[in-house]
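This report describes a single protein structure, moving from its metal site to its sheet, its helices and its charged pairs. The sequence and the coordinates are shown first.

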Amino acid sequence: MINMSSPIRVTVWSEYRHEKNNPKVTGIYPEGIHGAIAGFLGKQADITVRTATLDEPDHGLGGSVLDETDVLVWWGHMAHGEVSDEIVAKAKTRVLEGMGLIALHSSHKAKIFTSLMGTSGSLKWRMSTDKERLWNLMPSHPITQGIGEYFEIANEEMYGEPFGIPTPDELLFISWFTGGEVFRSGATWNRGSGRIFYFRPGHETLPTYHQAEVQTVITNAVRWAHTGVRTEADVCPKSEPLEPLPEA
Ligand code: ZN
């Protein structure tokens, strides 16, 4: 058991490609999307944060990084295919052992997310001038604390149903878009001992991760996803009886 009073060790992973290639994205996220997310998480007294990016050796997740991570936050988009299967397998094992995973926005197609879901992660999308209204379906849930009945993002990319995910354990947000679509935009699953949260907002050309409600949801999700346990990911031990068995 991990001492729950010790800080939650968060690794914020991002592809960090759009920020290098698109001046508009650089302007919004000069320290990268991972830098923006690490920035607001790092202000919390109960959270310690590090970052990792695709182009670092082992995508920044080699050595003991995953062993020392309680919650992994993931943002990927244009280079899902460049993430090594070996690193994905390691991260998946850590989730099954009890590490939390928060998959953001276009990470609906990230290997780590689809491999844990077992489904396509496919959806409809449109980059336009939609407003997004996120309805809070579970006001009692730890992840929705501080969020009212709904909140709005002035401009976001539209994601529409059907969304290729298994039925969530808990559905926390449904989004409505100006164009008329709806989307399951905040959902949780358990896989092994790990907790997973998918949260939809966060298109790279928009300042979504600077918005207070979005930061609140992600911060709450980090605390929720921290199980404080580490179990074996895959053991099938032969078991001796606890009580004497009757003679055959
Ligand atoms: Zn996007």
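Three protein donors hold positions 2.0 to 2.1 Å from the zinc ion: H105 through NE2, E157 through OE and H203 through ND1. The model is a predicted one. Along the sequence, the spacing of these donor residues is H-x51-E-x45-H. H105 belongs to the loop between β4 (100–104) and α5 (111–117), whereas E157 belongs to the loop between β7 and β8 (158–160); the two are 52 residues apart, so that distant parts of the chain are linked. Both H105 and E157 are buried.

## The sheet

An open sheet is formed by nine strands, with mixed pairing, in the order β2-β1-β3-β4-β11-β10-β9-β6-β7. Because β2 and β7 each have a single partner strand, they stand at the edges, and one side of each is left without a neighbour in the sheet. On average, neighbouring strands of this sheet are turned by 20° against each other, direction ignored.

Strand β6 (residues 132–136) has a partner in β7 and another in β9. With β7 (residues 150–153), β6 runs antiparallel and is joined by four bridges; E132 has I153 of β7 as its bridge partner. With β9 (residues 170–177), β6 pairs in the antiparallel sense over five bridges, and here the bridge partner of W135 is I174.

Helix α3 (residues 32–41) includes H34. Nine of the 10 residues of α3 are buried, so the helix is largely enclosed by the rest of the structure. The buried residues are G32, I33, H34, G35, A36, I37, A38, F40 and L41. They pack against β1 (8–14), α1 (18–21), β2 (47–53), β3 (71–75), β4 and α6.

Why does H34 count as buried? Its relative accessible area is 7%, and the cut-off for a buried residue is under 20%. Leaving aside residues up to four places away in sequence, H34 touches V12, S14, Y16, E19, T51 and T53.

Helix α6 (residues 212–225) consists of 14 residues and spans 20 Å from its first C-alpha to its last, close to the 20 Å expected at 1.5 Å a residue. Its buried residues include V214, V217, I218 and W224.

## Salt bridges

Side chains of opposite charge can pair when their charged atoms come close. The structure holds 17 salt bridges, among them the pairs tabulated here.

| Salt bridge | Closest N and O atoms |
|---|---|
| R230 with D67 | 2.9 Å |
| E97 with R94 | 3.0 Å |
| R184 with E161 | 2.9 Å |

R184 lies in strand β10 (residues 182–191) and E161 in the loop between β8 and β9, so this pair ties together parts that are 23 residues apart in sequence.

The salt bridge between R230 and D67 has a closest N and O separation of 2.9 Å. This pair links distant parts of the chain, with R230 in the segment after α6 and D67 in the loop between β2 and β3, 163 residues apart. R230 counts as partly exposed at 44% relative accessibility, and D67 counts as partly exposed at 38%.

E97 and R94, by contrast, both lie in helix α4 (residues 85–97), where they are three residues apart, about one turn of the helix. E97 counts as buried at 13% relative accessibility, and R94 counts as buried at 7%.

Technical notes. Residues numbered from 1 in each chain as written. Predicted model: local features only at pLDDT ≥ 70, side-chain atom pairs only at ≥ 80, totals over all residues. Heavy atoms only, no water. Pairing = 2+ DSSP bridges. Donors = N, O, S within 2.8 Å, 3.2 Å for Na, K, Ca; no water. Buried < 20%, exposed > 50% of the residue type's maximum accessible area, 1.4 Å probe, protein only. Expected span 1.5 Å × (residues − 1). Contact = heavy atoms within 4.5 Å. Salt bridge = Lys/Arg side-chain N within 4 Å of Asp/Glu carboxyl O. Axes fitted to C-alpha atoms, helices over the stretch in contact; angles between N-to-C directions.
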